[in-house]
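Trainee: I have a model open and a list of labels for it. Please take me through what each label rests on.

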Amino acid sequence: MERSAYKTRHLVVDPGQPDAAIIQEAGALLREGELVAFPTETVYGLGANALNAQAVAGIFVAKGRPADNPLIVHVDSPRSLERYIDQVPPILAQLAARFWPGPLTLVLRGGHAFAPVVTGGLDTVAVRVPDHPVALALIRAAGVPVAAPSANVSGRPSPTTAAHVLDDLSGKIALVLDGGPAGLGVESTVLDVSGNCPVILRPGGTIQRDLEAVLGEVKVAPDVDGGAIAGDRPRSPGMKYTHYAPRASLVLFEGYDPGRVAAGVLDEARRLVADGRKVGILTYRETASLYDGQGYSVVVVGKRSDPGTVAASLYASLRRFDYLGVEVILAEGIASDGLGMVVENRLRRAAGGHVVTL
Ligand code: TXA
Ligand code: MG
């Protein structure tokens, strides 16, 4: 299907009270095989009917996504999974009771009921129940499970507003439901429960500590930060691609002492500015005053001591550097636990190995 011919529609809905007629119409579009972007509590998703192979294939075309990177299937309740998964494991009920609806994606065995392009040929499928009234109402109105990756062009930062979605996908999809900014700002945690021991394949909105409170020890896949592991195939196919990357190249500065890190960033910014480069600095409220912004742009992404504020505006901040025409982003690292660990993971992946340790 030729999708570049779309005049993408943009409809604003009140997340507190989504307009029923709009939701019904959007649900019908999804059911009939069109692509509809919608807000979730993490980032905006690009939805397609997970039972319709042609519709799902359209997601890969619109995003320019590699075909071997499987999608998350979104459902409105754990019960509706029973129709599509032959053997729902007992661990699912335990995790669903505590974390769904919410930012936790579970990788399960099975999923053969879905279009094969959803799982990219794997014998597992990723599923979640999103915690957003517009997403839930849409899934219910569609009456089908909804395959949805983040609604960005592949490799770009995930969209946290409808404007970001339109920047990337306008003309390629039927509709964007605009429910305002996504709350969390980073994607769901992907937890593989298909084996003997649960493994975090992608850190995200549900933090490791909270999972461990329910499950005991939870492992983290060794390749989550994008480091190649010789001879090992990534468990989560998406992790082998550069991700969350703005158009500018990003250099990440890490270290225990934030003042020392900031001093290193400032040195490098001055050197690059003297070289005629267009530089942007990604910093936090605590260290922002160390930069005078002379000849470079400074974006304060949130409070280092409150990583939730950083997660919420991380992707919008990375996109802002693009709007500013920045060529090189120098980013300060953040402490690596809880949501701070999630932010650090996204920064490392955006840096694609350009990490300076001070
Ligand atoms: O918060 C989120 O998860 C958002 C919203 C829209 O729900 N979605 C999202 O989807 O981030 P996406 O496609 O951008 O990322 C899905 C990740 C990828 O890293 C993919 O490789 C992994 O989940 N994944 C999907 N199915 C998998 C499977 N069967 N086994 C292992 N990893 C899988
Ligand atoms: Mg994505």
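Mentor: Start with the elements: helices (H or I, at least four residues) and strands (E, at least two) are DSSP runs, numbered from the N terminus. By that numbering, Asn152 sits in the loop between strand S7 (146–147) and helix H6 (162–169). The model is predicted: local features need pLDDT of at least 70, side-chain atom pairs count only at pLDDT 80 or more, and totals for chains, interfaces and linings use all residues. Residues are numbered from 1 along each chain as written, chains are lettered from A and ligands numbered from 1 in written order, and side-chain values use heavy atoms, without hydrogens and water.

Trainee: Why is Asn152 called buried?

Mentor: Buried means under 20% relative accessible area, exposed over 50%, partly exposed in between (1.4 Å probe, protein chains only). Asn152 has 3%, so Asn152 is buried.

Trainee: What does Asn152 touch?

Mentor: Contact means heavy atoms within 4.5 Å. Not counting residues up to four places away in sequence, Asn152 touches Lys63, Pro157, Ser158, Pro159, Asp168, Leu169 and Arg319.

Trainee: What makes the pair of Asn152 and Arg156 a polar contact?

Mentor: The term needs a pair of N or O atoms within 3.5 Å; within protein, one must be able to donate a hydrogen and the other to accept it, and residues adjacent in sequence count only if both atoms are side-chain atoms. Here a polar atom of the Asn152 side chain lies 3.1 Å from the backbone oxygen of Arg156.

Trainee: Is Val75 buried or exposed?

Mentor: Buried, because its relative accessibility is 2%. Val75 lies in the loop between strand S4 (72–74) and helix H3. Leaving aside neighbours within four places in sequence, its contacts include Leu81, Val129, Leu136 and Ile139. Val75 and Leu136 are 61 residues apart along the chain, yet their C-alpha atoms are separated by 7.8 Å.

Trainee: What makes S2 and S3 a pair?

Mentor: Two strands pair if DSSP finds at least two bridges between them. Strand S2 (residues 36–38) and strand S3 (residues 45–49) have three, and run antiparallel. Ala37 has Leu46 as its bridge partner in S3.

Trainee: Which strands are at the edges of the open sheet?

Mentor: The sheet has 11 strands in the order S1-S8-S2-S3-S7-S4-S6-S5-S9-S10-S11, with mixed pairing. Strand S1 (9–12) and strand S11 (219–220) stand at the edges; each has a single partner strand, so one side of each lacks a neighbour in the sheet.

Trainee: Why is S13 called largely enclosed?

Mentor: Five of the five residues of strand S13 (residues 279–283) are buried, so the rest of the structure largely encloses S13. Val279, Ile281 and Thr283 cover one side, Gly280 and Leu282 the other. S13 pairs in the parallel sense with strand S14 (residues 297–300) over four bridges. Four bridges also join S13 to strand S15 (residues 328–332), again parallel.

Trainee: How do you know that the peptide bond from Trp100 to Pro101 is cis?

Mentor: Its omega is near -5 degrees. Pro101 lies in the loop between helix H3 (90–99) and S5.

Trainee: What area do domain 1 and domain 2 bury between them?

Mentor: The bounds, from an automatic or database domain assignment, are 3–190 for domain 1 and 249–357 for domain 2. Buried area is the accessible area (1.4 Å probe) that two parts lose on being put together, summed over both. Here that is about 1,100 Å², 51% of it on carbon and sulfur atoms. Pro157, His164 and Val186 supply 43% of the area that domain 1 buries against domain 2, more than any other three residues.
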